[in-house]
Amino acid sequence: MAYEMLITEVSDYVGLIRLNRPDAMNALNAQLLTELSDVLAAWDKDENVRAIVLTGSEKAFAAGADIKEMSEKSFVDMFSTDYFTEQSEAIIRTRKPIIAAVSGFALGGGCELAMMCDLIICSDTAKFGQPEINLGVMAGLGGTQRLTRIVGKSKSMEMNLTGRFMEAEEAERCGLVSRIVPAKELVDEALKAAGKIAEKSQIAVMAVKESVNRAYETTQREGLLFERRVFHSLFATEDQTEGMAAFTEKRTPKFRDL
């Protein structure tokens, strides 16, 4: 399917999505997010896609939400349509791992979109921020919630209250990104990471994603119980038998997602 604001391709079980609004620095509007949620929903059901990379351009992952689209809206407009909720819920419902490959600006909604992904690999030019305060509003897609859980209260307060940008090195120090790579190598490195994930048992991969996310949504005791029960359940799979047999036989496992 062709999309107006995305460029998509699938190769070797990895789906690559490029945000494609170059004239607006990939600003997020309703159409772009709807297209993104549609392709993710389709790929979540596609056996030829086992991991996903989401990226923008070298200049901007996404420079924020589309201010022109929002500027004329009222409270009633935003509240009655539950603006952006349907699309963002579709993104976080995706069961297959999503890697955000971030170069340049990831601001406002762009930073929030990156945080909706399962891990972030960024270039040395990346800049993260929640500058909505400069517009007389605040973050609305997780910038006060996900960011606080990741970097802590003080840094989140500073970024949300002052609009200060966080550069790549600081983002790595505070755990916002998993690692930094040169800008020219960013997408290749993200695709390599996705390729590694695609080689694994997809049952185990989805179980890991659910379990890590559970750590942010419940108490540690409940999270540990969830993790243990999911771990136990994986012993009902053929992939567990194959993986452990391959280890003892010193060969590469052949997972069948069964």
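## A nonpolar patch

Ile 67, Leu 135 and Val 137 make a nonpolar surface patch of about 260 Å². The model behind this report is predicted.

Take Ile 67. This residue sits in helix H2, which covers residues 67-70. Ile 67 has a relative accessibility of 41%. That value lies between the cut-offs of 20% and 50%, so Ile 67 counts as partly exposed.

## A negative patch

The surface also carries charge. Asp 124, Glu 167, Glu 169 and Glu 172 form a negative surface patch.

Where does Asp 124 lie? Its place is the loop between strand E7 (119-123) and strand E8 (127-129). Asp 124 counts as partly exposed because its relative accessibility is 42%.

## Salt bridges across the chain

The structure holds 13 salt bridges. One of them pairs Glu 58 with Lys 184. Their closest N and O atoms are 3.5 Å apart.

## A salt bridge within a helix

Glu 189 and Lys 192 also form a salt bridge. Again, the closest N and O atoms are 3.5 Å apart. Both residues belong to helix H9. They are 3 residues apart, so about one helical turn separates them.

The two ends have their own surroundings. Glu 189 counts as buried because its relative accessibility is 18%, and buried means under 20%. Lys 192 is exposed, with a relative accessible area of 54%.

## A network of charges

Some salt bridges join up. Which residues are linked in a network of salt bridges? They are Lys 155, Glu 158, Arg 164 and Glu 170.

Within this group, the side chains of Arg 164 and Glu 170 meet in a salt bridge, at 2.9 Å from N to O. Arg 164 is partly exposed, with a relative accessible area of 25%. Glu 170 is buried, with a relative accessible area of 12%.

Note on methods. Residues numbered from 1 in each chain as written. Predicted model: local features only at pLDDT ≥ 70, side-chain atom pairs only at ≥ 80, totals over all residues. Heavy atoms only, no water. Patch = residues over 30% accessible without salt bridge, like charges linked within 9 Å, V, L, I, M, F, W, Y side chains within 5 Å. Areas by Shrake-Rupley, 256 points an atom, 1.4 Å probe, with all protein chains shown as cover. Salt bridge = Lys/Arg side-chain N within 4 Å of Asp/Glu carboxyl O. Lys, Arg positive; Asp, Glu negative; His and termini not counted. Charge placed at Lys NZ, Arg CZ, Asp CG, Glu CD. Helix = DSSP H or I, 4+ residues; strand = E, 2+ residues; numbered from the N terminus. Buried < 20%, exposed > 50% of the residue type's maximum accessible area, 1.4 Å probe, protein only.
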